[in-house]
Amino acid sequence: MIDFKNAEKIILENTKVLNLMSIKTKSSLNYVLGENIYAPIDLPPFNNSAMDGYAVKVRDLEKVDASKNVVLEVIDEVQAGNVSKKTIKYMQAIKIMTGAKLPKGADGVVILENVKEFMKGKKKYIQINTKINKWQNIRFKGEDVKKGSLVIPCGRIIRPQEIAILAAMGIENINVIRRPNIGILCTGSELIDLNKKLSDGKIYNSNGYALYSLILKYNGIPFDFGFVNDNKNEIHKKINLALNFKPRIDIFIVSGGVSVGDYDFVKEILLKKGLKLKFHKVAIKPGKPLLFGILNDILIFGVPGNPAATFTSFENFIAPVILKMQGKEKLHHPLVKAKLIHPITKRDGRVHFIRGITKANNGYFITTPSGGQSSGMLKSLVDGNSLIIFPAETKKLKKGERVFVKLIDKLKNGEIL
Ligand code: AMP
Ligand code: MG
C-alpha cells in the first residue's frame with residue numbers, strides 16, 4: 001500500500017500530453033492551443049470610419065467658430081463593405097458609415113450628430129459647426145493587430161475572445177492538443193440498467209453514469225463499454241474490446257472488482273494481458289483498493305466500486321490526468337483553508353476525504369461534513385461541494401480547527417454553483 005502523495009506522483013509521471021490535431025476554430029472552445037498564432041493580415045485590414053458621419057479634409061473646417069459654420073459639398077456616400085471611387089477635394093465631403101473604408105483625400109470624420117444636411121438644386125451639402133482633430137474618428141489599418149505579429153501564444157486555453165480574434169483574422173482551422181478518449185467498464189453481477197425494474201439483490205449501475213459525466217466535466221471523451229457480470233470470460237472479452245477499440249482509447253477505467261472479494265477478477269485478468277502494474281492500494285478512504293498501471297500505452301485505472309470511492313478516486317487521481325493530457329497547466333482543484341464547524345474523528349492511519357459542504361463566510365471559509373461518510377453513500381456528495389482532507393496521522397479534528405479542503409465544485413456566493 002502506498003500513500004496518497006506517492007500515488008498522485010506516480011500517476012502524473014506516467015501521463016503524457018497528447019498530440020496535436022487540427023480543429024475548426026468554431027469548435028475550439030476550452031482546447032489548449034498547440035501553436036503560436038501570428039497575424040496573417042492587419043486588423044483592421046484598412047483605414048475606416050469609427051462613426052457614422054462625413055469624411056472630410058480637417059483643414060477645411062479651420063474656419064469654423066462660434067459664429068461661423070462651414071459648408072461642404074457631399075460628393076458620394078459609402079456604406080460598410082463598399083469603397084468610394086471618389087477622392088475628396090477642397091471643401092468636399094463623403095457620407096460614411098461605421099466600418100466603411102476611408103475615402104481618398106479624407107483625414108477625419110465629423111459625426112452625423114454635428115452636421116446639418118441640406119439640398120441646393122440637385123446638389124447635397126452639409127453645414128458643420130464643430131472643429132475636429134486630424135484623424136479624429138478614424139481607425140487605422142493594423143492599429144489593433146499588426147500583420148506578422150504574435151497574437152495568441154501556444155499553450156493558451158481557447159476562450160471566446162480567442163475565437164473572436166481568430167475569426168477576425170480569417171483563421172478557420174487551428175492546431176490544438178487532442179482530448180483523451182476514455183473507456184469505461186463497470187463490473188458487478190449485481191448491476192442492472194436504468195430501464196429495468198429493480199429486482200431482489202440488484203442495484204442500478206450508478207458508477208457508469210458518474211464516470212461518464214465526470215469525464216465530460218473535465219473535457220474528456222467518454223466511451224461507455226457498459227457493465228459485465230463478475231465472470232472472468234465476460235470481463236476478459238469486454239477488456240479486449242476496449243483495448244482494441246477505434247478510436248484508440250488513452251485511459252481505461254474499470255469500476256469494481258479490484259478488491260479482495262472472491263469475485264474480484266479485474267487485476268488478475270489485466271495482469272494476464274500484460275498490465276505493467278504501478279500500484280494497487282492506496283492509504284486513503286474512500287478508495288483504498290485503487291489500481292493503476294499501463295497496458296498497450298493505455299493508462300488503466302481500477303477504481304473500487306463503492307460509489308463514493310469511484311467518485312473521489314476520479315476527482316483525486318483521474319481528473320488531473322485528463323487535464324494534463326489536454327496540455328492544461330492547472331491540474332488540481334483549489335485547496336483552501338477552512339474552519340471546521342463540527343469535530344470529526346477516525347481510527348486508521350489513512351488520509352480520509354470527508355465529503356463536505358464549504359462556504360465563504362466573511363472572508364474566510366467554513367466547512368462541515370455533508371452527511372454519512374460510508375464509501376457506499378452518495379447523498380453526502382450530492383449535499384456537498386468539497387472534500388475535507390483528514391490527514392493520515394491525525395485521529396481527531398476539533399471544532400474550530402483549520403483544515404485543508406479540496407473544492408471539487410465551484411462556489412458562488414459561498415453556495416454550490
Ligand atoms: P466492488 O468494488 O466490486 O467490491 O464493489 C463494492 C461495492 O460497490 C458493492 O457494494 C457494489 O455493489 C458497489 N458497486 C460496484 N459497482 C457499482 C456500480 N457500477 N454502480 C453502483 N454501485 C456499484
Ligand atoms: Mg464487485
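Buried here means under 20% relative accessible area, exposed over 50%, and partly exposed in between (1.4 Å probe, protein chains only). This is a predicted model, where local features need pLDDT of at least 70, side-chain atom pairs count only at pLDDT 80 or more, and totals for chains, interfaces and linings use all residues. Side-chain values use heavy atoms, with hydrogens and water left out.

**View 1. Q92 sits in strand β6 (residues 92-96).** Strands (E, at least two residues) and helices (H or I, at least four) are DSSP runs, numbered from the N terminus. Q92 counts as buried, at 16% relative accessibility. Its side chain reaches the backbone nitrogen of K89 at 2.9 Å, a polar contact (N or O atoms within 3.5 Å, one able to donate a hydrogen and the other to accept it; residues adjacent in sequence count only if both atoms are side-chain atoms). Leaving out residues up to four places away in sequence, Q92 touches (heavy atoms within 4.5 Å) A55, V56, K57 and L72, among others.

**View 2. The largest nonpolar core has 43 residues.** Such a core joins buried Ala, Val, Leu, Ile, Met, Phe, Trp, Tyr and Cys residues through side-chain atoms within 4.5 Å. Helix α6 gives the most, with nine residues.

**View 3. F301 and its neighbours.** Not counting residues up to four places away in sequence, F301 touches residues including I11, I251, F317 and V321.

**View 4. Two cysteines, C154 and C186.** C154 is partly exposed at 44% relative accessibility, whereas C186 is buried at 0%.

Notes: Residues are numbered from 1 along each chain as its sequence is written. Chains are lettered from A and ligands numbered from 1 in the order in which they are written.
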